[in-house]
Amino acid sequence: ENVEILNKLSEDLGVLRQSMLFSGLEALAYNINRRQRDLKFFEFGKTYHLINGKYVEKSHLALFITGNTANETWQQKSRAVTFHDLASVVQRVLAKMNIRDVETKETENSTLAYGISYVVNKKEVVSIGLVKPTLAKLCDIKQPVFYADVDWDYLLRQHQADVVYQELSKYPEVRRDLSLLVDKSVSFKQIRDISQKHERNLLKAINVFDVYEGDNIGADKKSYSVSFILQDFTQTLTDAVIDKTMQRLMNGFERELGAVIRK
């Protein structure tokens with residue numbers, strides 16, 4: 001329910017916000033309308049809710065990116081920001097807070113066209129994805145906007161101050177990417193669980209850096225772009241070991257998810 005202000009200064013300020021999204025979109029629109037289209041914003045703020053007759057205040061960290069990653073230069077061309085650009089920022093925030101054992105699932109945030117949520121101790125603490133274009137257009141924004149909403153109160157309570165040190169490996173890590181075409185009902189958690197089941201020793205990290213849904217792949221399908229980080233702390237990985245490991249993972253995805261795989 002809305003939380004109304006009795007001594008409001010104007011009609012526009014008559015209701016306390018329940019989401020960080022729209023004030024952020026207004027800030028983006030203000031800049032975009034002044035020819036500043038490549039934007040990366042963050043805001044620490046609060047939302048207010050009336051729950052079971054009680055007023056509840058929640059603290060958030062909101063992150064917004066839109067436009068290109070940087071200005072184009074003679075040395076390199078710029079590119080449009082992607083889901084992965086914002087996801088990597090969120091992952092660094094969680095790492096800085098020493099938040100471990102993070103799970104992911106497909107987001108249920110109604111303001112996002114697609115995205116994922118990060119879950120800690122069975123609680124959803126971050127939702128991240130592409131803002132629905134219809135909502136962006138309400139603020140006169142016609143370019144894609146990626147948005148992350150972080151439950152800052154919860155992360156502060158869960159912050160683990162203890163520092164754990166581990167010797168850096170002498171041997172390099174290797175990254176391999178796969179594009180998995182799967183049924184729309186398949187979650188990233190299923191992909192991660194299958195990966196960890198088929199490779200526990202060498203698989204150091206797995207991340208989804210893009211999720212695509214569209215008519216050209218079928219209404220009941222979606223495509224996950226997934227990165228796999230492999231590393232052996234005792235020796236340098238050979239191409240033969242890497243290929244064997246990735247083949248084992250691909251066999252698992254095909255057998256257990258019916259995935260169509262593109263390297």
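**Entry 1**

I began with lysine 105, which is partly exposed at a relative accessible area of 29%. I took buried to mean under 20% relative accessible area, exposed over 50%, and partly exposed in between, with a 1.4 Å probe and protein chains only. The model is predicted, so I noted that local features need pLDDT of at least 70, that side-chain atom pairs count only at pLDDT 80 or more, and that totals for chains, interfaces and linings use all residues. I also noted that residues are numbered from 1 along each chain as its sequence is written, and that side-chain values use heavy atoms, with hydrogens and water left out.

I looked up the partner of lysine 105 and found a salt bridge with glutamate 124, the closest N and O atoms being 3.5 Å apart. Lysine 105 lies in strand E5 (residues 102-106) and glutamate 124 in strand E7 (residues 123-131), so the pair ties together parts that are 19 residues apart in sequence. A salt bridge here is a side-chain nitrogen of Lys or Arg within 4 Å of a carboxyl oxygen of Asp or Glu. Glutamate 124 is also partly exposed, with a relative accessible area of 32%.

**Entry 2. Further salt bridges**

I recorded that the structure holds 12 salt bridges. I looked next at glutamate 213, which forms one with lysine 184, their closest N and O atoms being 3.4 Å apart. Glutamate 213 lies in the loop between strand E10 (203-212) and E11, and lysine 184 in the loop between E9 and H5, so this pair ties together parts that are 29 residues apart in sequence. Glutamate 213 is partly exposed at 30% relative accessible area, and lysine 184 is partly exposed at 37%.

I then checked arginine 192, whose salt bridge with aspartate 193 has its closest N and O atoms 3.8 Å apart. Salt bridges that share partners join Lys189, Arg192 and Asp193 into one network. Arginine 192 is buried, with a relative accessible area of 9%, whereas aspartate 193 counts as partly exposed at 31%.

**Entry 3. Aspartate 232**

I located aspartate 232 in the loop between strand E11 (221-230) and helix H6 (239-257). This residue is buried yet has no salt bridge; the nearest side chain of opposite charge is lysine 204, 7.2 Å away. For charge, Lys and Arg count as positive and Asp and Glu as negative, while His and the chain ends are not counted.

I found that the side chain of aspartate 232 makes a polar contact with the side chain of threonine 234 at 2.7 Å. A second polar contact joins the side chain of aspartate 232 to that of glutamine 235 at 3.5 Å. A polar contact is a pair of N or O atoms within 3.5 Å; within protein, one must be able to donate a hydrogen and the other to accept it, and residues adjacent in sequence count only if both atoms are side-chain atoms. Leaving aside its neighbours within four places in sequence, aspartate 232 is in contact (heavy atoms within 4.5 Å) with Ser169, Tyr171, Leu202 and Leu237.

**Entry 4. Helix H6**

I turned to H6, which has 19 residues and reaches 26 Å from its first C-alpha to its last, close to the 27 Å expected at 1.5 Å a residue. The expected span is 1.5 Å times one less than the number of residues. Helices (H or I, at least four residues) and strands (E, at least two) are DSSP runs, numbered from the N terminus.

I listed the buried residues of H6 as Ile242, Thr245, Met246, Leu249, Met250, Gly252, Phe253 and Leu257. They cover an arc of only 155° around the axis, which puts them on the same side of H6. That arc is taken over the directions from the helix axis to the C-beta atoms. On the other side of H6, Ala240, Lys244 and Arg255 are exposed. What covers the buried residues of H6 includes strand E9 (174-183), helix H5 (188-198), E11 and strand E12 (260-262). Just after H6, glycine 258 takes a positive phi of about 65°.

**Entry 5. Glycine 129**

I placed glycine 129 in strand E7, where this residue counts as buried at 0% relative accessibility. Glycine 129 and glycine 115 are 14 residues apart in sequence and 3.9 Å apart in space, C-alpha to C-alpha.

**Entry 6. The chain**

Buried residues make up 42% of its 263 residues.
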